[in-house]
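I opened this entry to keep track of what I looked up, one item at a time.

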Amino acid sequence: MTFSIVARCPGSGLLGVAVATAVPAVGSMCPFSKAKVGAASTQSWVNPYLALGVLDAIAAGISARAALEGALAEDDARELRQIGVVDGAGEAAAFTGAQCTPWCGQEIGDGFAVQGNMLTGPEVIAAMAAAYRASDGQPLDERLMRAMEAGDAAGGDKRGRQSASLRVQGEEDYCALDLRVDEHARPVAELRRVLEIARVQLVPFVEGMPRRGVKAGPAPETVTAMLALSPPDRPGGGGSGPG
């Protein structure tokens, strides 16, 4: 019912997960991440505790592959599950249960995993992996976005399109970026539009938020001045004015 990518940027160490499906609000149930630990997407017949268990095990010092094996062993309905995970060291792992709806499958690469079920065919996963590899050197959010665009263009979910999300996790307990398109006819395209606006309006705001172990200072004047403007008047535009 879903296609996704989990990845770690080898340059920045950022962790990320992006996912799209033909169900509303995929960002509320499939993607998980934890600072300095890992990122995961739990899908098909979703078990959030599978992703949470994997990330807890990684935090305890277990590798992504071993953590996934351990969490799956405790899930009696594991053959209905699909999950991809990457840890803070860049080890990726994935699982596609025998009872996931076809077409279903996965591809694990260097520092990333792509996976999907109820897809139009294997070309979706192949296109995502190729797009991610081809974007080497780009920021993680861009690489994730390009992978999602490639999967969408290759056919995506065979039922259609409805929601998408993209999350990037830095060293803080909160996300560096957490974008969601909860219900839209073209969610991946809309996610791209939201990402472009977020880069110039949201990311500077998040970068000015308090950080653990660092004395909090005033909000950056350039950011407060920008956000005091009506959304259409800000860099990137978007939103609407008063009235």
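Which residues does Arg143 touch, not counting residues up to four places away in sequence? I found Pro10, Tyr132, Arg133, Ser135, Asp136 and Gln138. The model is a predicted one, and I read the contacts with that in mind. Arg143 sits in helix H4, which covers residues 140-153.

I took strand S1, residues 2-8, and checked burial: six of its seven residues are buried, so S1 is largely enclosed by the rest of the structure. I then looked for its partners. S1 pairs with strand S2 (residues 15-21) in the antiparallel sense, over seven bridges. Within this pairing, Ser4 has Val19 of S2 as its bridge partner. The two strands form a hairpin with six residues between them. In the turn I noted Gly13, with a positive phi of about 80°. S1 is also joined to strand S8 (residues 112-117), antiparallel again, by six bridges. There I found Ala7 opposite Phe112.

Then the cysteines. How many disulfides are there? The count comes to zero. I checked Cys9, and the nearest cysteine sulfur belongs to Cys175, 16 Å away. For Cys100 the nearest cysteine sulfur is that of Cys104, at 5.4 Å. I set this against the cut-off of 2.5 Å between sulfur atoms, and Cys100 is therefore in no disulfide. Cys9 counts as buried, at 12% relative accessibility. Cys100 counts as buried too, at 5%.

Last, helix H1. H1 runs over residues 48-59, twelve residues in total. From first C-alpha to last I read 17 Å, close to the 16 Å expected at 1.5 Å a residue. I listed its buried residues as Leu50, Ala51, Val54, Leu55, Ala57 and Ile58. They cover an arc of only 160° around the axis, which means they are on the same side of H1. I noted the general rule that an α-helix has 3.6 residues a turn, so residues three or four places apart point the same way.

What covers the buried residues of H1? My list includes strand S3 (31-34), strand S4 (38-44), helix H2 (64-73) and strand S5 (81-87). I also looked at both ends of H1. Asn47 caps the N-terminal end, with a side-chain oxygen 3.0 Å from the backbone nitrogen of Tyr49. After H1 comes Gly61, and its phi is positive, near 110°.

Technical notes. Residues numbered from 1 in each chain as written. Predicted model: local features only at pLDDT ≥ 70, side-chain atom pairs only at ≥ 80, totals over all residues. Heavy atoms only, no water. Helix = DSSP H or I, 4+ residues; strand = E, 2+ residues; numbered from the N terminus. Contact = heavy atoms within 4.5 Å. Buried < 20%, exposed > 50% of the residue type's maximum accessible area, 1.4 Å probe, protein only. Expected span 1.5 Å × (residues − 1). Arc of directions from axis to C-beta. Polar contact = N/O pair within 3.5 Å; in protein donor to acceptor, adjacent residues only side chain to side chain. Pairing = 2+ DSSP bridges.
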